[in-house]
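Me: I have a structure open and have not looked at it before. Can you walk me through it?

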Amino acid sequence: MTAEKTLLLNLLSDVQRSLLWKIEGLSDEELRRPMTPTGTNLIGIVKHLTGITYGYLVAAFGREQPADRMADGTDDEELWFGLDLWATPDESAAELVAAYERACAAAARAIEELELETVGTHHTGNAVTLREMILTVLLDTTRHTGHADVVRELTDGRVGQHAGDPMSPDDPEYLRMYRARITGEIDRDTWMAYVRSLPDCDPAAWEELKARNKKG
């Protein structure tokens, strides 16, 4: 594969794995639970991206698709009203996750086997290249994985891109103080005095970073 194709495939695969990690370990009820006024829910995000991934990276290029419900071009009118953004009672969360994994695998094969300039047909009838569709799916997957980040944190507090990601300290007092700084309950001096007092704070680290930036 070319360097560009490898980069695009790796970026897409990384965000797909991150989304799958976001739904790991939750109950069926937690995956289905609407967590925002507009109904955003984790399994709905997965279901939506299954259709997007199949449609833009597999069907658009005439590739064979598995016999998955979200890949069969269903003509259910309710799709116009959000049917692909939640799981119906007869759809199991496990089956929808498995369908997404198959969609990701089918898309990866298409990317590996086709040239980036390969021309396909968008569902609107417009001609599109594989490169355009990879970027479209990457953008949509990244956007919705960001939604999943927030929904998962609201569900059980899990944050980060992958297991062991130290994106946010697992320290209730730190998070309480951080929120207080955001809301203006404490001022900058109070906040900085607090973070500088933490056991793992390295006063020299910031100065080293500034020095490196100046050189760069």
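This is a predicted model: local features need pLDDT of at least 70, side-chain atom pairs count only at pLDDT 80 or more; totals for chains, interfaces and linings use all residues.

Me: Which residues make the contact?

Reply: From α1 they are L12, Q16, L19 and K22. From α3 they are L42, I45, V46, L49, T53 and L57. By class, the contact of α1 with α3 has seven nonpolar residues, two polar and one charged.

Me: What about α3 and α4, how do their axes cross?

Reply: The axes of α3 and helix α4 (residues 93–113) come within 9 Å and cross at roughly 30°. That angle makes α3 roughly parallel to α4, since the cut-off for roughly parallel is under 35 degrees. This crossing is left-handed.

Me: Which residues meet there?

Reply: On the α3 side, I43, V46, K47, L49, T50, T53, Y54 and L57. On the α4 side, A93, L96, V97, A99, Y100, R102, A103, C104, A106, A107, A110 and I111. The residues of this contact of α3 with α4 divide into 16 nonpolar, two polar and two charged.

Me: Stepping back, how many helices and strands does the protein have?

Reply: Eight helices and two strands. Along the sequence the pattern reads α-α-α-α-β-β-α-α-α-α.

Me: What share of the residues count as buried?

Reply: 38% of the 216 residues. As for contacts, take those between residues at least 6 apart in sequence: 66% of them join residues at least 24 apart.

Me: Let me pick a residue. Where is G120?

Reply: G120 sits in strand β1, which covers residues 119–121.

Me: Buried or exposed?

Reply: G120 is buried, because its relative accessible area is 7% and the cut-off for buried is under 20%.

Me: What does G120 touch?

Reply: Leaving out residues up to four places away in sequence, G120 touches A60, F61, N126, A127 and V128.

Me: And how far is G120 from K214?

Reply: They are 94 residues apart in sequence, and the C-alpha to C-alpha distance is 47 Å.

Me: One more pair. How do the axes of α6 and α7 cross?

Reply: The axes of helix α6 (residues 172–183) and helix α7 (residues 188–196) cross at roughly 160° and come within 10 Å. That makes α6 roughly antiparallel to α7, and their crossing is left-handed.

Me: Which residues meet between α6 and α7?

Reply: E173, Y174, M177, Y178 and R181 in α6 meet R188, W191, Y194 and V195 in α7. By class, this contact of α6 with α7 has six nonpolar residues, no polar ones and three charged.

Notes
Residues are numbered from 1 along each chain as its sequence is written. Side-chain values use heavy atoms; hydrogens and water are left out. Contact means heavy atoms within 4.5 Å. Helices (H or I, at least four residues) and strands (E, at least two) are DSSP runs, numbered from the N terminus. Ala, Val, Leu, Ile, Met, Phe, Trp, Tyr, Cys and Pro count as nonpolar, Asp, Glu, Lys and Arg as charged, and the others, Gly among them, as polar. Buried means under 20% relative accessible area, exposed over 50%, partly exposed in between (1.4 Å probe, protein chains only). Axes are lines fitted to C-alpha atoms, for helices over the stretch in contact, and angles run from 0 to 180 degrees between N-to-C directions. Angles under 35 degrees count as roughly parallel, over 145 as roughly antiparallel, 65 to 115 as roughly perpendicular and the rest as oblique. A crossing is left-handed if the near helix is turned anticlockwise from the far one by less than a right angle, and right-handed if clockwise.
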